[in-house]
Amino acid sequence: MTPEEVLRGLFDETLVGNGPRVLELTHEGLGLGMEPQTMLFEALIPSLEEVGARFERGDFFVPEMLIAGRAMAGAMEVLRPLLAETGVETIGKFLMGTVKGDVHDIGKNLVNIMLEGAGFEVIDLGVQVAPETFIAKIQEHQPDIVGFSAFLTTTMPMFKANINALQKAGMRDDVIVMVGGAPVTQEYADAVGADGYAADASGCVRRAKDLLATRRAKVPA
Amino acid sequence: MSETTPATPLHTSIRSASREVVIGSDLPFCVIGERLNPTGRRIFQEQIKAGDLSAIERDVKAQVLGGADVLDVNMGVPLVDEAELLAKVITMVQGMTDLPICIDSSVVEALEAGLSVYQGRALVNSITAEDERLEQVLPLVKKYDAAVVALPNDVDEIPMEAEKRLELVEKIVRVATQEYGIAIEDIVIDPLAMPIGADQATGISTLATMRGIRETWGMNMTCGASNVSFGMPGRHELNGAWLAMAMTAGLSSAIMDARTPSVVAAVRAADLLLGHDEWGMAWISRHREMQRAAEEAAAQAPAGVS
């Protein structure tokens, strides 16, 4: 195989969620001496972006998004340590969790896939995440963005509780706060003082990138 | 499929001021219209916030026409006084139709406000196996003599295994009947219908939960049927197939799309096939009504259009 064929294959097989084949092609590429970041940025990420675009248009459905995400995750297990060695940075670090009192995670998991597909490093804290856990994990991982997910009108007030906890810990300005979930609206996100909101997974990726670009333009490196 | 003999089917009675609906797995299926719910309906949310409740009248009519037996009313709009709004809308809906109402909120104060204005015997949606939720909502169910929908999830998780869900059902039944004096027939279990697109094992697990509930207690069950097809194409067909299958496992009602004829037809067909529609009279009447509606629509169509 030529490197071009490997890239083409990685793109096509990720798109259809063929995990075993994506893993083979990843090893094939490394055997040819290809750079991990080339495979990531020129095949895997564009493929997941295409998955997201098709999902948004209604041409792709939830299972297709899940298997494409799983196929990419398999390749990333091989590539991540190599990328770390060569000092290649992810585009940003995203800490994610469903708020305390809420056990819903299907929407959050879809968002995670799209974020990883866009090149974010995603740390998922799961469901029922208490404010103090968010604080501790933010201190541990130093993410660029933290995402709070809620599925119930009764658990949405935890967004405010989490943001208050961040303020109390003196960390509010250290991290971008995004919120989302079925009942959440832009107006609600504004009311609790979040930095960003999106109605769906693709929208979340776009908003996260915008927020990150704005933040980085302000803060001198 | 298990051949265990089902327990005697329990009957749950809910009422408006002038109409009674009895839910039972040996009776025709109870269609609870899902549409009066702003979740995921941005335009409806904006209208509600602006004080425009005109969409409600349209949605009530469409669901009554579609064959709903009960209407679910949920007014969970962020940043709105849900208690006040829910009470207002319940009174409004009761002025438009005599169908009983399923009062749906995760906010305890809203449930109480809704119950306090409701004329009849409501179905309250919902409680879970969480201690706090049981403590807050069951006294209201008792005080207002209502029936209640109960979901077998607790503070830690939505369990995937049928056995774990049945343990939580057992807890709900024990607490509700022994500690709050609620009759077992007034508890309607929602065995948790999850999106099949996200996990293909979930349908089997929910059906096993249903059979367990029917065999152990004979209780009534309901579910959010449209959940099943989330993120999938052909949603109406999937929802209809799910409902018919779930009815064979003991599902006796569902919060569902009452406006789409093919979905309602699936449950009415299953009613007939399961022996809950004597001589198929309801099925035949439904056919005639649809035929008449089609003829009227054709008569009103502009000339030259076939």
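Predicted model: local features only at pLDDT ≥ 70, side-chain atom pairs only at ≥ 80, totals over all residues.

Entry 1, the two chains. I started with the contact between them, and it takes 18 residues from chain A and 19 residues from chain B. On the chain A side, I found that α4 (62–85) and α8 (186–192) each supply at least two residues. Then I sorted that side of chain A by class: 13 residues are nonpolar, four are polar and one is charged.

Entry 2, a strand in chain B. Is β3 of chain B, residues 30–36, mostly covered or mostly open? I checked, and it is mostly covered, with seven of its seven residues buried. Next I looked for its partners. β3(B) pairs with β10(B), residues 253–256, in the parallel sense over four bridges. In that pairing I spotted V31(B) opposite A254(B). β3(B) also pairs in the parallel sense with β4(B), residues 70–74, over three bridges. There, G33(B) stands opposite L71(B).

How do α6(B) and α7(B) pack? Helix α6(B), residues 162–179, meets helix α7(B), residues 202–216, at an angle of about 40°, and their axes are 9 Å apart. I can call α6(B) oblique to α7(B) because of that angle. I also noted that their crossing is right-handed. From α6(B), the contact uses A162(B), R165(B), L166(B) and V169(B). From α7(B), I wrote down S205(B), A208(B), T209(B), G212(B) and I213(B). By class, the residues of this helix contact come out as five nonpolar, three polar and one charged.

Key: Residues numbered from 1 in each chain as written. Chains lettered and ligands numbered in written order. Contact = placed C-beta atoms within 7 Å. Nonpolar A, V, L, I, M, F, W, Y, C, P; charged D, E, K, R; others polar. Buried ≥ 20, exposed ≤ 12 C-beta atoms within 10 Å, placed from the backbone. Pairing = 2+ DSSP bridges. Axes fitted to C-alpha atoms, helices over the stretch in contact; angles between N-to-C directions. Parallel < 35°, antiparallel > 145°, perpendicular 65-115°, else oblique. Left-handed = near helix turned anticlockwise from the far one by under 90°.
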